[in-house]
Amino acid sequence: MAKKISGYIKLQVPAGKANPSPPIGPALGQRGVNIMEFCKQFNAQTQQMEVGMPIPVIITVFSDRSFTFVTKTPPVSYFLKKAAKIEKGAKATGRDPNIASVTVAQLRQIAEAKMKDLNCADVDSAVAMIRGSARSMGLEVRD
């Protein structure tokens, strides 16, 4: 018989840096989940990734206080900032001049990396989505 799900917790945790401090501790503590066990499992699963890379995680909590979790790929904004070599995007999109630029080839690489988490039928539609994200960050897209 399957376990009864009591809820889901969505967090964004730096790869290899999960610890019981906020926001992880309070979010898991409210559901009665063993915080240190999650931190150990998450850090073990993400140790091969770049340290500090933001990893979205969906934790499924069961009624007996056990849990499972699924990690996703980092947000598109993380990849865009890394490709453009900037710390953060434009403060006022549309009013600020383009602060940096990315190429279509870089957008295609990002789309291929994010493809399993995007709601797209093919890579070309994923590139179009990521192009929109780049424009909203104040990035210029070059050919």
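How many helices and strands are there in the chain? There are five helices and five strands. The model is predicted. From the N terminus on, the elements follow the order β-α-α-β-β-α-β-α-α-β.

Start with the overall dimensions. The C-alpha trace spans about 55 × 35 × 30 Å along its principal axes. The chain has 143 residues, and 38% of them count as buried. It exposes about 8,700 Å². Carbon and sulfur atoms supply 51% of that area. Now take the contacts with a separation of 6 or more: residues 24 or more positions apart account for 60% of them.

Three strands form an open sheet, and their order is 1-2-3. The pairing is antiparallel. Strand 1 (5-14) and strand 3 are the edge strands, since each pairs on one side only. From one strand to the next, the twist averages 20 degrees.

Look at the pairing of strand 1 with strand 2 (residues 54-62). These two run antiparallel over nine bridges. Ile 5 stands opposite Phe 62 of strand 2. Two helices pack on this sheet. Helix 1 (residues 24-31) touches strand 1 and strand 2. Its direction makes about 170 degrees with that of strand 1. Helix 2 touches strand 1, strand 2 and strand 3. The direction of helix 2 makes about 30 degrees with that of strand 3.

Lys 3 lies over the face of the Phe 62 ring, at 5.4 Å from the ring centre.

Now turn to the aromatic rings. A pair of rings is described by the distance of the centres and the angle of the planes. How many aromatic pairs does a search of the whole structure find? It finds five. One of them joins Phe 38 and Phe 69. The centres are 5.3 Å apart, and the planes stand at 75 degrees. That angle makes the pair edge-to-face, because the label applies over 60 degrees.

What does this pair tie together? Phe 38 lies in helix 2 (residues 35-45), while Phe 69 lies in strand 3 (residues 67-71), so the pair links parts that are 31 residues apart in sequence. Are Phe 38 and Phe 69 buried or exposed? Both residues are buried. They also belong to one aromatic cluster, formed by Phe 38, Phe 42, Phe 67 and Phe 69.

Conventions
Residues are numbered from 1 along each chain as its sequence is written. This is a predicted model: local features need pLDDT of at least 70, side-chain atom pairs count only at pLDDT 80 or more; totals for chains, interfaces and linings use all residues. Side-chain values use heavy atoms; hydrogens and water are left out. Rings of Phe, Tyr and Trp (its six-membered ring) pair if their centres lie within 6.5 Å; planes under 30 degrees apart count as stacked, over 60 as edge-to-face and the rest as tilted. Helices (H or I, at least four residues) and strands (E, at least two) are DSSP runs, numbered from the N terminus. Buried means under 20% relative accessible area, exposed over 50%, partly exposed in between (1.4 Å probe, protein chains only). A charge sits over a ring if NZ of Lys or CZ of Arg is within 6 Å of the ring centre and within 35 degrees of the ring normal. Two strands pair if DSSP finds at least two bridges between them. Axes are lines fitted to C-alpha atoms, for helices over the stretch in contact, and angles run from 0 to 180 degrees between N-to-C directions. Contact means heavy atoms within 4.5 Å. Accessible areas come from the Shrake-Rupley method with a 1.4 Å probe; for residues, only the protein chains shown count as cover.
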